[in-house]
Amino acid sequence: MKKRRLIKVVCAMILSGCVVNGHAQTLQGKITDTHSLPVPNVTVHLLNTAVTTVTNKEGDFSVQHLPAGRYTVELSSVGYATTATEVEVKDKAENVVRFQLQNALLQLETVTVTAEKKEELLQKIPVSISAISARRIEELRLWNSKDLTAIVPNLASGNSGDGRNVTSIRGITTTSYDPAVTTYIDGVNQFSLDTYIPQLADVERIEVLRGPQGALYGRNAMGGVINIITKQPSNTTSGFAEINIGNYNQQRYSAGIRTPLIKDKLFFGASGVFSSRNGYYTNQFNNSSFDKQQSASGNYYLKYLPGSGWAVTLNVKHQNNKNDGAFPLVNGVEDAFKNPYQLNQNAVGKMIDNTLNASLAVNHSGGAVNFSSQLAWQNNHRYYKSPLDGDFSPLDAVTVINDYGNKWNNVKVITHEMKFSSATNKSSKFSWTAGTYFFHQNNPNKQSTHFGKDGSLLGAPNDFASINTSTAKNTGFAIFGQANYNLTRKLMLVAGLRYDYEHKYLEVQGEGQPDGSDAFVTRPDTSAARNFNAISPKVGLQYQVANNSNLFANYSRGFRTGGLTQLSSDPSQPPLYPFQPEYSNNIELGIKNELLDQRLRLNFTLFLSHINNAQVPTLVLPDAITVTKNTGELTSKGAELELLFAPVKGLQLGYNLGYTNAKYKSLKVASNGDVVNLDGKHQIFTPDVTSVFTLQYGYLINAEHQVKLVAGGEWYYLGAEYFDLANNIRQGSNQRLNVRAGVSSKHLEVYFWARNITKTKYIEHAYDFGAVHLGDPGTYGVTLKTTF
């Protein structure tokens, strides 16, 4: 009985969040500017807690029911540089603090990140990470996650026109639907390229971890993690509305609102985007616009605070795309550049692409331990309402059909992550995070490759369809943990470990069907299953060289899960052939500096990665199916530089540079019954240099209403890049220039912008059989935005 009572008492202490630290306290504060004037409407947030409040007209705020201990207080407000300060809340004492905010034109923002699954200051975390604030996202006009190319050193991202971004970081990439760089949005793993949402809207910040993150993130984080956090509702009603109009009939309308329904208890938030444009390409077959796009997306929140330290959040996101000409591709690099943005296809391939993501999160910050649980559901139905041109020519040779009703090509994923971490307010040498992760994916796929009257020109029968049906079911779980221990006042040890287990099941069936006749079986219904597991350790050290300078070194092991090959029409590529996980050993050494009274941020990193048992994809045509085999050994090494400088009032200069030398030490690829030796070839989708210089200038006209003249621009330079393993499809270095100018105030902004004003022609994506998709042409337009 005594043991039971003791257990109950301990549980109550953990959940209450106040017993362990004595009586709950009140933290009061006042926020002023550099002229000692009060600053109203400042968002005050205590890191790693559910506590968020706003200052009143006198610049005062109050936080009640707070356990004693140390907290990091983050302060953010329009027109001021975001800052974070550590405070101590004492037991049975009057806890009153004062803060002073600097004008955003005079100082760099303090950036908070959640990359290691807890809120931390960017410059204090011992990993290679880039963070882009809401203000920078707006300045750089980031509308899609592929726009992160070069903004993050050694990151390159693009797609073939279908909206599925293939992203590379430090030479680690993929062409399958299991990415090498995983994306999280508001804590939810965008499980595969089927179910993720690349649209960026109403974003609070974007964090990109470079290098493998196996210990905390597990599968498919070989290259890194893109962590996107959208804006959350609070006690103050706020919102925005924005209109963008540009050439190619570009239209983008977005709006959002965040408001309390019951003060301090229940909050609502919603934002939406509608965008459309004419195609960048012209189809010479019928002299029409090709790749004409239309998209609608939304993000909806309901947040409830049931008690001290608790938060329950229901979130629903969706994206609905229509694309008339999903694959604007031209056969051959020479033809693509000789007649840019011109193609000749007899089938349009109108694509309907609907994605729904929903999650329920429960968070608790207590006196002894923090707890979070997030259950998520993802669904994507993607099909071609009209057949897709499989030969990318005016011939009636190959078309691809997959519109077989709602049952097929409808991917469903459920995930659940439960996480515990050491208490926020504890002052200790030791801090930790541990948790579990579970997922289940159901992927039913049915696709027909139809050979028309010109099929014989490709060695195929005329007026005949090859139908491939597959059902994939993947289930897995993981246990992970990471801890930091301060060996001395300046030296910290980091150690992490994760175990992943995954069960994969694939069932396939092949059929043939002459036009006008019944289908017949070519490959009987058959199935296979495989189990995969991996252990991902991490160990690192961080040394504080000076107050605002930190040196770090890390070793980590990354892995990408194995799988089973799909069914294709190529008899030399049998289905259900297992390929094993690939593994990487990685070392990085870096230093982070914040200098000149928080006006200069300078970070530098060196890295070395060695990938064993590399998964090498081969595209099988005309099915457009990727077959993967373990036939490679890759070494990638390089360096990264991030610089952000505010030399004078209103001027901010940035320069991000990445260098990657990624080559296959060993690579053997099957081709036409032979084995081709590709040792020494460069990795695909990996520019050897990514470089971007940014300039933003704001001239304050009226301080009371924050009226500013604003101008800025970005100069991009990307080095040589290859798009096939044999390195036959090569793009040399290219440069692009973006500009932006306008006027902004506290509640209204008007900007004129132009992107790629140099009208540079460059390859955004290409397939190894030679089909090429060019990047966006020169675009320009105007933005009108109001906030309240």
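Student: What joins S47 to S48, and through how many residues?

Tutor: A hairpin does, through three residues. Before we go on: this is a predicted model, where local features need pLDDT of at least 70 and side-chain atom pairs count only at pLDDT 80 or more, while totals for chains, interfaces and linings use all residues. Residues are numbered from 1 along each chain as its sequence is written, and side-chain values use heavy atoms, with hydrogens and water left out.

Student: What makes S47 and S48 a pair?

Tutor: A strand is a DSSP run of E with at least two residues, numbered from the N terminus, and two strands pair if DSSP finds at least two bridges between them. S47 (residues 734-744) and S48 (residues 748-755) have six bridges in the antiparallel sense, so they count as paired. Within that pair, alanine 741 stands opposite phenylalanine 752.

Student: How do you know that S48 also pairs with S51?

Tutor: Eight bridges join S48 to S51 (residues 779-787), and the two run antiparallel. Here glutamate 749 faces lysine 785.

Student: What makes a set of residues a nonpolar core?

Tutor: The members are buried Ala, Val, Leu, Ile, Met, Phe, Trp, Tyr and Cys residues joined through side-chain atoms within 4.5 Å, with buried meaning under 20% relative accessible area (1.4 Å probe, protein chains only). The largest has 28 residues, and Tyr281, Leu667 and Leu725 touch the most other members. S39, S41, S49 and S50 each supply at least two of its residues. A second, separate core of 22 residues includes Leu148, Ile185, Ile206 and Val692.

Student: Which residues does tyrosine 281 touch?

Tutor: Contact means heavy atoms within 4.5 Å. Leaving out residues up to four places away in sequence, tyrosine 281 touches several, including Phe290, Val330, Tyr341 and Val772.

Student: How do the lining residues of the second largest pocket divide?

Tutor: Into 12 nonpolar, 23 polar and 13 charged. Asp, Glu, Lys and Arg count as charged, Ala, Val, Leu, Ile, Met, Phe, Trp, Tyr, Cys and Pro as nonpolar, and the others, Gly among them, as polar. The largest share, four residues, comes from S6 (residues 83-89).

Methods: Buried < 20%, exposed > 50% of the residue type's maximum accessible area, 1.4 Å probe, protein only.
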